[in-house]
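This report considers the salt bridges of the structure shown below and the places of their partners in the chains.

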Amino acid sequence: MSLHTLDAIDAARAIREKVLSPVDLIEALLERIERIDGRIQAWALVDRDGARRAARQAADEAARGAFRGPLHGVPFGAKDIFYSAGLRTEAGSKAMAGFVPDYDATSVARLKAAGAILLGKLQTTEFATTDPAPTRNPWSLVCTPGGSSSGSAAAVAARMIPLAFGTQTIGSNVRPASYCGLVGLKATFGRISTRGVIPLSYTQDHVGLMARSVEDIALGLSIAAGHDPDDPSSSRAPVPDYLAALTRRRAPRVGLLREFFERAASDVADITAQAVNRLARAGADIEEAKMPPTFRAVAAAAYVITRSETASAHAERFALKADLYRPGIRSSIEMGMLIPGDLYVRALRIRRQFRREMSLLLERYDVLLTPTTPTPAPEGMATGDPSFQVPWSISGLPSITVPCGLTTSGLPLGIQLVSGAYAEAPLLSAAAWCEDILGRASAPSL
Amino acid sequence: MDREGRRAEYAAWLRAAAERRFGAARAQELDKTIEDAAGWMTEVATFPVGTDEPPAFYLEADP
C-alpha cells in the first residue's frame, strides 16, 4: 500500500507498532503534494521544513517508546482561517496578506498535543464565504470541490492528507466533504472550540472535520472536542469516547426527511433513495419524518444572523481595507451593516424556536436522513448550494455526511445524518453502521 | 401591510441607507443584493415567533 493512502487511524497504529516512521509518512505526502497539487490547488501553504522537523522528532520519540497521544506522528491540515503559530494565515484574502499569528487555534493545538503534525494550511474561499478559492475537485477538475472549506475537502480526497479541519457557518464543511466523496462532520455548536478561528458569524461558526472514514472522524473529534475557557461559546459537556461508541454500532431508527428528496435533482434523489433501500434491507428502522413549521423561516433567519454578525466581525478591518475585499464578502458585510437590530434579535428568536421544535422531532429517532446536497458538485468556480446544511448550522445540531454512491458522470454523493445536541456518539455509531452497509468511497483517479 | 408592501418598504429603506452610508454609486451596485435582503428581512419580520421565545445567545443549556 502507498503510504499516502493510509487513513489517520491506520497510520497512527503503524507508527505505534514501529512499522512506519513518521518521517517516511511525511515524505510520502510531500511527494504526493508535489506531484498533484499543481492541478488541485488545495494548499495555501505547505510547511515542508516544519513538518519534516516535527516528523523527525516524532520518530525519535517513537523509537524511545514515548508517544504524545493517539495521533503521534500523523499529519493533518487546517483550513487557512485557523490560527497557526508562526505560519501565515491569510483566509484567502488580500486583506490578511502576510498575517502570522503567534498562537495556534485551540483545535490545532489539541491535535498537536495528541502528537499530530500540522503539514500546512488549506485553501478557503475568502473569509469562508462565497468568493471562491482556486481549488478543483479531485473527482473532476472542471467541478468545484465545494466551499468554503475547499482545500480541506480536495486535499483529503486526493490523498494528500488523511485528516483536515474545515469550518461550517452555513454549509461549508459537510457539503464539500460530500462533493469530494468524504466523511465530514459538523459537531454540535460549542462542542469544538472556535478560539483562534477567524470568525464569520459568532453564533453559527462550527469547527468541522473531514476524513475518509467515520473511524478517523471519531478519533479526530475525541481529541478536538472539549471545553475551552478561552471560548465563550465552548460547552462544558463531558466528551465521551467516540471511538468506543463505534463498537456499539447497530441498525438505527431513521427519520427520513422526504421534503429534501423532493428538492434534490432527480439523479441525487434516485441514488440516495437506493442507498436508503439498502439501509432498510440491512435492518434500519426507517419512517418518514416531517420538518417542523419554523423550518420555513430558517434560511431567512440564517441570512439575517450571518450578515449581521459578519459585519460586526469584520468592522475594524473593513473600515481600513474595504477595497481589498472581493465582491461577495464585501456586499455581505455592507448588507450586514444595514440590517436593523430588532430583526437580528427576531432571527435569533426564530432560531431558538426552530431548535426547540427539532429537539422534539429528534426524540423519536436516532438520526434524521437527507441527501447531503441537492446536486453533485457543480461545474465552475461557484461552490454550490448549501441549503441542505442550513437547518443544522442555524440550530447548532450535529450532522455528518457519509458517501453513498457516484452519479453516472462519476461524481460522489452522500447521505446526511442529523442527531440531537451533543449526541455525536450515537450519530457516529449510526454513520459507521451506514458506512458498513454502503461501503466506503473509492479514490478519484489522478 | 401585506407581505409585498413590507418587502418593498424594506427595499426602499435599505436603498436609502446604502446611499447614505456607501454613496449612490455603490448603492446602485448593491441593488440585487438589496432586493434579496429585503426578501429575507420580510420573512423574518412576518414569521410567527412565540412571544415568550427569547433569543439564544451562544450556548443553550448543556446536557
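## Salt bridges overall

In this predicted model, a search of the whole structure finds 29 salt bridges over all chains.

## A pair between distant segments of chain A

A:Arg440 and A:Asp7 form a salt bridge in which the closest N and O atoms are 2.5 Å apart. The pair links distant parts of the chain, since A:Arg440 is in the segment after α16 (424–438) of chain A and A:Asp7 is in the segment before α1 (8–16), 433 residues apart. A:Arg440 counts as partly exposed because its relative accessibility is 45%, whereas A:Asp7, at 7% relative accessibility, counts as buried.

## A pair between helices α2 and α3 of chain A

A second salt bridge joins A:Glu27 to A:Arg52, with 2.6 Å between the closest N and O atoms. A:Glu27 belongs to helix α2 (residues 22–40) of chain A and A:Arg52 to helix α3 (residues 48–63) of chain A, and the pair, 25 residues apart, links distant parts of the chain. A:Glu27 is partly exposed at 30% relative accessibility, and A:Arg52 is partly exposed with a relative accessible area of 28%.

In chain B, the side chains of B:Asp31 and B:Arg15 meet in a salt bridge of 2.7 Å, N to O. Because B:Asp31 lies in helix α3 (residues 31–46) and B:Arg15 in helix α1 (residues 3–22) of chain B, the pair ties together parts that are 16 residues apart in sequence. B:Asp31 counts as partly exposed at 29% relative accessibility, and B:Arg15 is partly exposed with a relative accessible area of 25%.

Salt bridges that share partners also join A:Asp323, A:Arg330, A:Glu334, B:Arg26 and B:Glu29 into one network.

Methods
Residues numbered from 1 in each chain as written. Chains lettered and ligands numbered in written order. Predicted model: local features only at pLDDT ≥ 70, side-chain atom pairs only at ≥ 80, totals over all residues. Heavy atoms only, no water. Salt bridge = Lys/Arg side-chain N within 4 Å of Asp/Glu carboxyl O. Helix = DSSP H or I, 4+ residues; strand = E, 2+ residues; numbered from the N terminus. Buried < 20%, exposed > 50% of the residue type's maximum accessible area, 1.4 Å probe, protein only.
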